[in-house]
Amino acid sequence: MNEIKLFCTATIANVSCGFDVLGLALDNVGDEMIVRKVAKKGVTITKIVGQDLPLETHENVAGVAALALLAKVDADCGFEIEIYKNIKPGSGIGSSAASSAGAVFGINELLGKPFSNHDLVEFAMQGERLASGVAHADNVAPALLGGFTLVRSTEPLDVIKIHTPKELYATVIHPQIEVKTSDAREILRSSVALKTAIKQWGNVGGLISGLYTEDYDLIGRSLEDHIVEPIRSILIPAFDNVKAESLKAGALGAGISGSGPSIFALSKGLEIAKKVGEAMSAVYDKVGIEYDIHVSKINTEGIKIIK
Ligand code: HSE
């Protein structure tokens, strides 16, 4: 096999209570990527369609992630990468992660899988470092492993795939404004009061437990963020209203997707998830900012091979 075509899934990081540690993969939103084995060593980004992003390998998240992998393996060939972007950078649904994870996944396949998907997380994180200045793993982990993931630790890296309840669906509204992850990180406080931390880790534990036991009410009760959301939500027009209307429409919970501006909700069943999408649209129609709505089941596979 000399060429592979991939669906590189969009992801929701943080999932309210789990800043930098929790993430999930979406099923029907993502980029496409072609990775090709070539005689010339190294990594060349030959084409990017859909977004204006750097082709220079060291300036491109896919290029940097690919080089991190190739530094750990003795490959007698090189790779070309074509990226077809559907996920806008600065959208909050893991644009840089889709490219970083896609590149390492594709190269690993073409090399005959010297690494496990867990191993690939470390390489893909280098793309995230280029994109935001921090090698966070909460988007690349679900992109590579699928489902929900928990990044228990980054040093050393310890990523756990979490059970996904069968009837869980995500609804995402993506307002067409850009929020850079680096900016959204800069406004955060560096310390947290103990009483706030107590509420937060109660919710993280509750969410993990709710996912494993498929306890939808517990999942809903645990989708609370006392640390990041109160600060970042000011960057997102009508955030409080979108959240309130989503809950009224039947969502289990809602919050900021990654570093925003996208807002996500989780629901039990497709019908409710669609109603939540309508409720989100109704709010944004009044705001007057263009938006996209995505309704997706949770993608338990992660990146998919198209051919
Ligand atoms: N955990 C990261 C953040 C995710 O919220 O900054 C960015 O998509």
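Q: Which residues of α1 are buried?
A: In this predicted model, the buried residues of α1 are Val61, Ala62, Gly63, Val64, Ala65, Ala66, Ala68, Leu69 and Leu70.

Q: Why is helix α1 called largely enclosed by the rest of the structure?
A: Helix α1 covers residues 61-70, and nine of these ten residues are buried, so the helix is largely enclosed by the rest of the structure. Buried here means a relative accessible area under 20%. The cover over the buried residues includes strands β2 (22-38), β3 (42-49) and β4 (78-84), together with helices α2 (95-110) and α3 (117-132).

Q: How do α1 and α2 pack, and which residues make the contact?
A: Their axes lie 8 Å apart, at an angle of about 35°, and the crossing is right-handed. On the α1 side, the contact is made by Val61, Ala62, Ala65, Ala66, Leu69 and Leu70; on the α2 side, by Ser96, Ser99, Ser100, Ala103, Val104, Ile107 and Asn108. By class, this contact has nine nonpolar, four polar and no charged residues.

Q: What is the crossing of α1 and α3 like?
A: The axes of α1 and α3 come within 8 Å and cross at roughly 145°; this crossing is right-handed. Val61, Val64, Ala65, Ala68 and Leu69 in α1 meet Leu120, Phe123, Ala124, Gln126, Gly127, Leu130 and Ala131 in α3. The classes here are ten nonpolar, two polar and no charged residues.

Q: Is serine 100 buried or exposed, and how do you know?
A: Serine 100, which sits in helix α2, has a relative accessibility of 0%, so this residue counts as buried. Apart from neighbours within four places in sequence, serine 100 is in contact with Val61, Ala62, Ala65, Ala124, Gly127, Glu128 and Val140.

Q: What does the side chain of serine 100 reach?
A: The side chain of serine 100 reaches the backbone oxygen of serine 96 at 2.8 Å. With a cut-off of 3.5 Å for polar contacts, this pair therefore counts as one.

Q: Why is the pair of phenylalanine 115 and phenylalanine 123 called edge-to-face?
A: This is one of two aromatic pairs in the structure. The ring centres of phenylalanine 115 and phenylalanine 123 are 5.0 Å apart and their planes are at 70°, so the pair is edge-to-face. The centres have to lie within 6.5 Å for a pair, and an angle over 60 degrees gives the edge-to-face label.

Q: How do you know whether these two phenylalanines are buried or exposed?
A: Phenylalanine 115 has 15% relative accessibility and so counts as buried. Phenylalanine 123, at 8%, is buried too.

Q: What makes tyrosine 284 and tyrosine 291 an aromatic pair, and of which kind?
A: Their rings are 6.1 Å apart, centre to centre, with 70° between the planes, and the pair is edge-to-face. Tyrosine 284 is buried, with a relative accessible area of 0%, whereas tyrosine 291 counts as partly exposed at 24%.

Q: Why is asparagine 14 called buried but glutamate 214 partly exposed?
A: Asparagine 14 has a relative accessible area of 6%, so this residue is buried. Glutamate 214, at 25% relative accessibility, counts as partly exposed, because that class runs between the 20% and 50% cut-offs.

Conventions:
Residues numbered from 1 in each chain as written. Predicted model: local features only at pLDDT ≥ 70, side-chain atom pairs only at ≥ 80, totals over all residues. Heavy atoms only, no water. Phe/Tyr/Trp six-rings, centres within 6.5 Å; stacked < 30°, edge-to-face > 60°. Buried < 20%, exposed > 50% of the residue type's maximum accessible area, 1.4 Å probe, protein only. Helix = DSSP H or I, 4+ residues; strand = E, 2+ residues; numbered from the N terminus. Contact = heavy atoms within 4.5 Å. Axes fitted to C-alpha atoms, helices over the stretch in contact; angles between N-to-C directions. Left-handed = near helix turned anticlockwise from the far one by under 90°. Nonpolar A, V, L, I, M, F, W, Y, C, P; charged D, E, K, R; others polar. Polar contact = N/O pair within 3.5 Å; in protein donor to acceptor, adjacent residues only side chain to side chain.
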